[in-house]
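Here is my note on the model, point by point. Please keep the structure open while you read.

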Amino acid sequence: MSSSIASSSSSSSSSSKKEKKISLKTSDGEVFEVEEPVAMQLEIVRSFFADNEDVTEQTVMPLPNVSTAAMHGILEYCRAHEEFRRRMPEAAPEEEVRAFEAGYVDRKSNEELKEMILAANYLNISKLLDFLTGVAAKRIENKSVEYVRAFFGVENDFTPEEEANLRREYEWAFEGVDED
Amino acid sequence: MAVTPKNPKIPVTSIDDDEGDRLSSLPEPIIHYIFSFLETIDVTRASAVSRKWRNLWVSMPYLKFDIHTIWSKPLERWSIHTVIDKFKDFVNWVLMCQNGSIDIEKFRLRCLNFSDDDHTLQRWLSVVARRNVRQLDLELISHTPIQLPQCLVTCQSLVSLKLNFEDKHCVVKLPMYPGFSSLKSLDLKMIEFSDSNLLGNFISSCPVIENVNVEFCIFGDSKSLEISSTSLKNLIVDSSDMRDPNCDGLANCEVKIACPSLVAFKFLTSSTWKFSFQDLNSLKDASVDIYFHPEHGTAEEYHCAMIKILEGLHNVQLLTLSSGFLRFLDLAVAKPEGFSTSFYNLKSLSVRVLVHWYNQVEPLINLLNLSPNLEALTILIDWVEWSECWEIPEEVTCSANHLKSVHLLDFGGSENELELVRFLLKKGQVLEKLSITWLRGTEYRRKIIREIKRFPTSSSHVAFSFFVSRKNTPHLLFRL
């Protein structure tokens, strides 16, 4: 599912001198070779390499909290942003960034989205975390209680009476929600 | 518009099987963070999700009320009066029941300013001021002037204030006495000032103000707008697109800017060209988009105005100019003594150019010659139907000693554009990168690319990149 952006940025690297790569190992053991400027968008990686003097180019950094699937999503985003930065250092093409981001999350299910939020949180990529949590908010906006429960995977621990009372008390809050 | 999941993998109704340790159940701080983006009604509704969430909304420091989206299709259900009453009721109830000891991080309100004798808005503002609100974002429709209540002016926690009157300009009475002691950001949109001195005085009186954004505001028949502040870092004044055709924003008043800490400055206007800049020694990034209206002045006057503006901006590192500028810069070529300012610090220049006349391109070359340290040049190509075909004479010089990157946007591959590319490739001795973003619908792209590749280059290595038209998901077509 690699996008045109991700693939073009890797092909472009062949034309310049050999780019430095950083190896990142996900929870399920897959090793990703990531171009340095892309990997450095992951704050946890940046500080790992900044703080440890004994790491070399051969060091494989383990990321036990990130699955391979989430890593693909994270890298797609970071590579696209690196490509934007490289193309137009003087002025970020905002509408293009927005168009990319919209297309990028459109393809993600709720479950994939949450997995990426956890990964972005762990890897400490604040820009991506802000963006993804904003998307999550959009998805539950004006939705029914049942939808929100399912979205977060929260168990309903109210007794039926309690819930009925609560809904009666806050009746107006339950008027006019969107279809799930 | 809500983003709907295309391919939801979680079953919406049942979540109880094998979910002992769901990989993706989100930790509480993240859930709170997600809720901070939501309207207060959504947070309130979430109290029925589970016991743990029951009182989440009571301590939520982000309050957002929007009468337009609080219920879906409200006017199919209720009359407008009922909707307004229900909305007021809801806001009142939340402010009453929330834990008053929790400071409000952000209060966003989008509603109508009710009738003349209705003090609801003032009351809400006094409640949030008492709860140490930090960011206040008001989007209102009002037919009567609005006065900021004193409790807000003296509110020491307020860091950011946004006032936007969506459809109709509204008179806002700014306070005459000092206040807003912590205010850093001020956003004003669609506001009518009876006297532009009010705004100038107001900005000067905010001791720590850093960002000011004034969009589509009317300054009445004032003669000048004077903004002077020692703390101001970012300033945007945009009166380019006045939605009301009967008003012209700055209305030809003189704009005086004296801000020694100003770093970024953006000015868009079609209604004035009288500027005076003082003490802009920290300025790094300037963007000026001025439309010179033929009725407002003579070419000679515009030429002088433009020179004055450029002289005021001579320290900048990033400069963005509209094509209106280049139209009058060519007069400087005829009278070289009239313009001698150099842009020694300028690293990045972005200009909009009408390529159909050489007298738009000549001033661009002139500008390059005045910018000896320029590294990046972005040219937005403007189009008109008809075009004369020109060539840049052989004897024209261009000092592009540091120019590394050239980007042409909306490139259609006409003879004139190719001539400009040929010239830049010939003069750019250290050019590393030439990027072209195609104009939508440009044909024969391969042929154009072949032609560009055949141009002689002075630099030993130029990387060419071609990008598809803007307003699309970016997509790299070729790399040569």
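1. Start with the rings. This predicted model holds 26 aromatic pairs over all chains. Rings of Phe, Tyr and Trp (its six-membered ring) pair if their centres lie within 6.5 Å; planes under 30 degrees apart count as stacked, over 60 as edge-to-face and the rest as tilted. One of the pairs is A:Tyr170 with B:Trp93. Their centres are 5.2 Å apart, and the planes stand at 70°, which is edge-to-face. A:Tyr170 lies in the segment after helix H9 (160-169) of chain A, and B:Trp93 lies in helix H4 (residues 80-97) of chain B, so the pair joins two chains.

2. A word on conventions. Residues are numbered from 1 along each chain as its sequence is written, and chains are lettered from A and ligands numbered from 1 in the order in which they are written. As the model is predicted, local features need pLDDT of at least 70, side-chain atom pairs count only at pLDDT 80 or more, and totals for chains, interfaces and linings use all residues; side-chain values use heavy atoms, with hydrogens and water left out. Helices (H or I, at least four residues) and strands (E, at least two) are DSSP runs, numbered from the N terminus.

3. Now a helix pair that spans the chains. How do H7(A) and H1(B) pack? Helix H1 covers residues 28-36 of chain B, its axis is 8 Å from that of H7(A), and the angle is about 70°. Axes are lines fitted to C-alpha atoms, for helices over the stretch in contact, and angles run from 0 to 180 degrees between N-to-C directions. That makes H7(A) roughly perpendicular to H1(B). Angles under 35 degrees count as roughly parallel, over 145 as roughly antiparallel, 65 to 115 as roughly perpendicular and the rest as oblique. The crossing is right-handed. A crossing is left-handed if the near helix is turned anticlockwise from the far one by less than a right angle, and right-handed if clockwise.

4. Look at the residues of that contact (heavy atoms within 4.5 Å). H7(A) brings A:Asp130, A:Thr133, A:Ala136, A:Ala137 and A:Ile140. H1(B) brings B:Ile30, B:Tyr33, B:Ile34 and B:Phe35. Seven are nonpolar, one is polar and one is charged. Ala, Val, Leu, Ile, Met, Phe, Trp, Tyr, Cys and Pro count as nonpolar, Asp, Glu, Lys and Arg as charged, and the others, Gly among them, as polar.

5. H7(A) also has a partner in chain A. Helix H5 (residues 94-106) and helix H7 (residues 126-140) pack at about 60°, with their axes 12 Å apart. These two helices are therefore oblique to each other. The crossing of H5(A) and H7(A) is right-handed. A:Glu101, A:Tyr104 and A:Val105 in H5(A) meet A:Phe131, A:Leu132, A:Val135 and A:Arg139 in H7(A).

6. H11(B) uses B:Leu418, B:Val421 and B:Leu425, while H12(B) uses B:Ile448, B:Glu451 and B:Ile452. Five of these residues are nonpolar, none polar and one charged.

7. Next, a sheet in chain B. What is the strand order? It is S10-S12-S14, in an open sheet with parallel pairing. Two strands pair if DSSP finds at least two bridges between them. The edges are S10 (224-228) and S14 (275-278), and each pairs on one side only. S10(B) and S12 (residues 254-258) share five bridges; S12(B) and S14(B) share four. B:Glu226 stands opposite B:Lys256. B:Ala258 is the bridge partner of B:Ser228 and also stands opposite B:Gln278 in S14(B).

8. Finally, a sheet in chain A. The order is S2-S1-S3, with mixed pairing. S2 (31-35) and S3 (60-62) are the edge strands. Neighbouring strands are turned by 35° on average, direction ignored. S1 (residues 21-25) and S2(A) run antiparallel, joined by five bridges. A:Ser23 stands opposite A:Glu33. Helix H3 (residues 43-51) lies across S1 and S3, at about 125° to S3(A).
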